[in-house]
Amino acid sequence: MNSKGLNEVGVMVSELLDYPVRVFVFEAGCKLRMLSDVVASCCFYLQNNNIPFNILISNFGHRVFLLPQCYAQKQARGEVNHKLLDTQVNPAVWEMSGHIVLKRRKDFVEASEEYACKLLSEVSLPDDQFLEAKEHIIEVTSRLSQEEPASIQQESDFVTSYLPQDCLVLL
């Protein structure tokens with residue numbers, strides 16, 4: 001992963017490397033509110049720019065994979081290889097995360113790493129769009145890192161068992 005961002009305020013933003021889909025990874029220590037603010041801002045940016053995306057949340061909400069994609073746009077323009085269309089696989093978060101459900105026996109028998117990479121690369125945003133999204137994310141994380149931290153609401157806010165004892169989760 002290539003890291004950029006908000007370590008000092010509790011969120012780290014990374015980009016997956018050596019994977020056929022361009023993916024942003026957001027990780028939080030104990031500042032889940034900051035994580036949700038950063039991810040939400042990035043999702044609004046993608047939505048406002050008509051860029052479809054999928055989200056995968058892991059590690060008890062402390063890691064969020066944001067997967068911007070362009071497969072439907074490529075389909076509409078007739079730019080997707082017909083062999084891939086014939087598989088009837090419509091790549092979304094499940095497939096982009098590495099679990100590809102093949103519907104035809106022929107596709108299963110002929111499946112290979114090369115095939116999976118080709119399918120997933122069809123989903124990935126072009127370099128220029130991904131770079132624009134990346135610049136926005138850097139801007140958002142920089143802006144949020146300069147804001148005052150949210151005030152602690154009440155002692156009654158819960159602490160979850162998988163976090164350090166000195167970590168308070170504010171929702």
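I count a residue as buried when its relative accessible area is under 20%. I keep in mind that this is a predicted model.

**Entry 1: the aromatic pair**

I started with Phe130, which has 5% relative accessibility and therefore counts as buried. Next I looked up Phe24, and its relative accessible area of 3% makes this residue buried too. Then I searched the whole structure for aromatic pairs and found one. It is formed by Phe24 and Phe130, with ring centres 4.4 Å apart and planes at 5°, so I noted the pair as stacked. Phe24 belongs to strand β3 (residues 24-28) and Phe130 to helix α7 (residues 127-146), so the pair ties together parts that are 106 residues apart in sequence.

**Entry 2: Leu67**

I moved on to strand β5, where Leu67 lies. Buried or exposed, I wondered about Leu67? With 3% relative accessibility, it counts as buried. Leaving out residues up to four places away in sequence, I listed its contacts, among them Val21, Val23, Pro52, Phe53, Val93 and Met96. I also checked Val93 by C-alpha atoms: it is 26 residues from Leu67 along the chain, and the two atoms are separated by 7.3 Å.

**Entry 3: helix α6**

Which residues of α6 are buried? In this helix (residues 113-123) I found Tyr115, Ala116, Leu119, Leu120, Glu122 and Val123. They cover an arc of only 150° around the axis, so they sit on the same side of α6. Glu113 and Glu114 are exposed on the other side. Finally, I looked up what the buried residues of α6 pack against: β5 (63-68), α2 (71-76), α3 (82-86) and α4 (93-96).

Technical notes. Residues are numbered from 1 along each chain as its sequence is written. This is a predicted model: local features need pLDDT of at least 70, side-chain atom pairs count only at pLDDT 80 or more; totals for chains, interfaces and linings use all residues. Side-chain values use heavy atoms; hydrogens and water are left out. Buried means under 20% relative accessible area, exposed over 50%, partly exposed in between (1.4 Å probe, protein chains only). Helices (H or I, at least four residues) and strands (E, at least two) are DSSP runs, numbered from the N terminus. The arc is that of the directions from the helix axis to the C-beta atoms. Contact means heavy atoms within 4.5 Å. Rings of Phe, Tyr and Trp (its six-membered ring) pair if their centres lie within 6.5 Å; planes under 30 degrees apart count as stacked, over 60 as edge-to-face and the rest as tilted.
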